[in-house]
Amino acid sequence: MSDELIRLTAAELGEKLAAGDVSSVEATRAHLDRIAAVDGAVHAFLHVDGERAVETAADIDRRRAAGEALGPLAGVPIAIKDVLVTKGMPSTSGSRILEGWIPPYDATPVTKVRAAGLVPLGKTNMDEFAMGSSTEHSAYGPTHNPWDLDRIPGGSGGGSAASVAAFEAPLALGSDTGGSIRQPAHVTGTVGVKPTYGAVSRYGSIALASSLDQIGPVTRTVLDAALLHDVIAGHDPLDSTSLNMAWPSMAEAVRRADVSGLRIGVITELDGEGFQPGVRQRFHEALELLERNGAEIVEVSAPHFEYSIAAYYLILPAEASSNLAKFDSVRFGLRVTPDGAGTVEQVMAATREAGFGPEVKRRIILGTYALSAGYYDAYYGSAQKVRTLVQRDFDAAFAKVDVLASPTAPTTAFKFGEKLADPVSMYLNDIATIPANLAGVPGISVPTGLAPEDGLPVGIQFLAPAREDARLYNVGGALEQLLVAEWGGPLLGKAPDLTAHELFATEEGAL
Amino acid sequence: MARAELMDFDQALELFEPVIGLEVHVELNTTTKMFSSAPNPANSAFHGAEPNTLVSPVCLGLPGSLPVVNGDAVRKSISLGLALGCSIAESSRFARKNYFYPDLAKNYQISQYDEPIAFDGELEVEIEGGKTFMIPIERAHMEEDAGKLTHVGGSTGRIQGAEYSLVDYNRAGVPLVEIVTRPIFGAEADAPALAKAYVATIRDIAIALGISEARMERGNLRCDANVSLRPRGQEKLGTRTETKNVNSFRSIERAVRYEIQRQAAILAKGGTITQETRHWHEDTGATSAGRPKSDADDYRYFPEPDLVPVVPSAELIEELRAALPEAPAARRRRLKGEWGFTDLEFQDVANSGLLNEVAETVAAGASPAAARKWWTGELTRLANASERDVVELATPAQVAELAALVDAGTLTDRLARQVLEGVVAGEGSPQQIVDARGLAVVSDDGALIAAIDQALASQPDVLAKIRDGKVQAAGAVIGAVMKAMQGKADAARVRELVLERAAAVE
């Protein structure tokens, strides 16, 4: 029973809960048991609050029994990336500098998830302050890819992706600044969506780069992502950059998925050198499948995408250097007092020295430099111009096609340590995902199978014009349906049985 | 620099031309803060709250929090910009000014940099004596205030020597408009007075617009004064200093004067002025060196990515423009004419900051002379004695009512002062106090005549003197009658009656 419950999709579990076939407490306990069994090996979670989760689930069960009308995901457990602040629950953003801090408020997406009756299980691991593509930069140790525990689960949201891939949670929330939702989805065989910039409130998301960050769903199916998207999207008066518009139902877009007549543009600049053969092979097979089902595939060029990474690694550190200035020990979090006490400047410096990891320091220094008088125009100013050019590339492409497609990331999951010594090769993981953040357009990553050469999952990325997120759910939903029919079941059914690793599981989190 | 080392002011003016520039911060009195829903301590409703009680995740800079622009603050900023004769930007942006300081919760201040909301204005300022100057305004921009540090354990209250410091974030996020002038040339010996009059004019505008409590002693209005000197005949501007902590109108004038004398003394000896921030000390009447300041201070400004540009509609701007009150200099000219005051009388009112009170009292029916007399006289005396703000002691309507009672003969000046004490003590309206305390003038001649006859009868020698034509002897009788009436008689009427009775009685 327990194993069946954790393998249900969120949509299926929601239906069973609504029908009274299962209680939220049972579903929640099944997932907590799973976490207890496998998370010692996977380390998707930084914090699990089983007691509070069961209380929340019991409350939903009571409300349902009392006849209250509840949403389709009411009673379904969810994992929350540690970048989102949660009232009464630790929120570290993967950093030592926030160890022990208990936020006094909930992030807006968390408020919405709670209001929809979902059951937060705990907080998922991530690269420190979402800086990384592997979770190796987490201050609390890396998350392991459920497909191969010696490999990275992607990043920065490796914890959220691994938690759904390992059946520890049916749903998770992630954040995507340059690919932190989509690239982990690609390497773990899961679905990840970065909505249009402003579609989901950033209030309570511990900021990395304010103009790039976006919160989104991390799931095993496109429908589940759509259901969660419908819960978290919408205008928030607490976030000035949140869009004030009425959104169509994403879940409807999945249910009515149909690609006949859909024009899909393949970005030539993201389909060649630097991409692993198996990644490209599955990508093209997916396109052919869509074409056979009525889609029109055309090639489009985005000539300025090649400058995206350079621009991104100026804009992101610049904004991050300012966003991370608040971590100074004065009001919250870690405080390190140097020997013999000292001035406030010395305490701030000692705290930041001890509290930030090397990647965070690297980017703070880069950003501080890029914003310095005399360098601003050459670096930050030029990067903003590139950003405008990338947006124009998108505008030109979307004048010709409905959606764009590329492999989500250049390679399958790499082994721990492989790219740690070479930041630039680590940064190149996000070559296909970064342009969407620079332009504010939405993107989805959907599994396309396993790369023949290493048997590891790969994904396809679709991009749509801003505010046209529903197009992603249409094409993603259609492709998923076709592929699952070909495979005879979901891709994650082929993932290794993690219970073999049970002996590594710790007592922590067990009920 | 010791007083004795300063150059004589007149001599300094002979050798050098002073150039001043003024930065004025105006705290807006919105209900909530610039970027959050926390109550605004610059609104009198929240003044004096306990430390760190007017805070939210946003003004504490908690992780994940985001700013949202206060629309009321934007409207008030536009009104102020318009009143300063500025153009209003069709689109203006916020920027982050990055620097580490423990009173700055995020370690950056949200301000405006290259796109201020208001720019290119000019303001007519009248100094004492009636001379006017046009002050060029470079810009007025919106920003948030920082928190407040209290340094504990040192003798001076300054950070040097303190053991630890306490931070109060109530003020963090209070909406500010910073008004920056262009360099002001040509003020010459009037430079100190002009600096003071300029800030006073901004205070008058802020009060007329109702956008700020505008009280310097509470920090609602703060002024940084830039002063530089250049030798007569030299084109190039001298090195400037920026004097901070100037917390009263009087100290603005004194601080500018001091800096002119200090810089002149240094330059005359062949020394150089250090570009720096200087602190004004009210007690010693001198400035002292603060931190060195250079044009290369690097705040790493960049556009605030958490906020969208402020794009006020043309309709809103015109609506606010139409609602602007009369410009202070024009208003002063009008009121002075209407009231028929001498220069001295008018300045007496204006310099006490009582223009509005007098105007409202006149509007409520009092004569300008009576309004001026009560506000600048008895009420100001009572305010000084009780260390309260004169405008809090009485309302213009109460003062007008009091003046009417005096005009009607119900009260003498002396009785009116007693009634005013009752008003200040919160006993009610002047008429209510007259009734309750029984303070009205005894206007019944019968009662007065009885008292006069009795006094004359008991002082036959005085009666004889009066009859002999020694009219001044009547004083003794008048005094006795006033005493018998407990002061509630009109002394002039008593005098008339005494003379009448002295002639009439047998």
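The model is predicted. Chain B holds 17 helices and 14 strands, and its domain assignment gives three parts: domain 1 (3-318), domain 2 (326-437) and domain 3 (445-504). Let's walk through the overall build, the sheet, the domains, a helix pair and a few backbone details.

**Chain B as a whole**

- Along the principal axes, the C-alpha atoms of chain B fill a box of roughly 100 × 55 × 50 Å.
- Of the 506 residues in chain B, 43% are buried.
- Among the contacts in chain B with a separation of 6 or more, 69% are between residues 24 or more positions apart.

**The sheet and its helices**

- Chain B has an open sheet of 9 strands, and the order is β2-β5-β6-β9-β1-β10-β11-β12-β13.
- The pairing in this sheet is mixed. As a reminder, strands of a sheet pair through backbone hydrogen bonds, either parallel or antiparallel.
- At the edges sit β2 (87-88) and β13 (286-292) of chain B, each of which pairs on one side only.
- Strands β5 (residues 118-126) and β6 (residues 132-144) of chain B run antiparallel and are joined by 8 bridges.
- Helix α2 (residues 71-83) of chain B lies across β1 (16-27), β2, β5, β6 and β9 (175-181) of chain B. Relative to β6(B), helix α2 runs at about 165°.

**Where domain 1 meets domain 2**

- The centres of domain 1 and domain 2 of chain B, taken over C-alpha atoms, are separated by 33 Å.
- In the contact between them, 10 residues of domain 1 of chain B meet 7 residues of domain 2 of chain B.
- On the domain 1 side, β5 and α3 of chain B are the elements that give two or more residues.
- Helix α3(B) supplies the largest share of that side, with 4 residues.
- By class, the domain 1 side has 3 nonpolar, 3 polar and 4 charged residues.

**A helix pair: α11 and α13**

- Helices α11 (residues 396-407) and α13 (residues 430-437) of chain B pack with their axes 8 Å apart, at an angle of about 55°. That angle makes α11(B) oblique to α13(B).
- From α11(B) come Gln398(B), Glu401(B), Leu402(B) and Leu405(B), which meet Pro430(B), Gln431(B) and Val434(B) in α13(B).
- By class, this contact has 4 nonpolar, 2 polar and 1 charged residues.

**Contact with chain A**

- Between the chains, 26 residues of chain B are in contact with 34 residues of chain A.
- The chain B side of this contact has 17 nonpolar, 4 polar and 5 charged residues.

**Backbone details worth a look**

- Most residues other than glycine have a negative phi, and most peptide bonds are trans.
- Asp120(B), in strand β5 of chain B, has a positive phi near 55°. Asp120(B) counts as partly exposed because 14 other C-beta atoms lie within 10 Å.
- Glu188(B) is not a glycine, yet its phi is positive at about 50°. Glu188(B) lies in the loop between β9 and α3 of chain B and is exposed, with 10 other C-beta atoms within 10 Å.
- In chain A, a cis peptide bond joins Gly155(A) and Ser156(A), with omega about 5°. Ser156(A) is in the loop between β3 (119-124) and α6 (158-165) of chain A.

**A loop glycine**

- Gly270(B) is placed in the loop between α4 (249-268) and β12 (276-281) of chain B.
- Gly270(B) counts as exposed because it has 6 C-beta neighbours inside 10 Å.
- From C-alpha to C-alpha, Gly270(B) and Glu326(B) are 48 Å apart in space, and they are 56 residues apart in sequence.

Key:
Residues numbered from 1 in each chain as written. Chains lettered and ligands numbered in written order. Predicted model: local features only at pLDDT ≥ 70, side-chain atom pairs only at ≥ 80, totals over all residues. Pairing = 2+ DSSP bridges. Contact = placed C-beta atoms within 7 Å. Axes fitted to C-alpha atoms, helices over the stretch in contact; angles between N-to-C directions. Domains from an automatic or database assignment. Nonpolar A, V, L, I, M, F, W, Y, C, P; charged D, E, K, R; others polar. Parallel < 35°, antiparallel > 145°, perpendicular 65-115°, else oblique. Buried ≥ 20, exposed ≤ 12 C-beta atoms within 10 Å, placed from the backbone.
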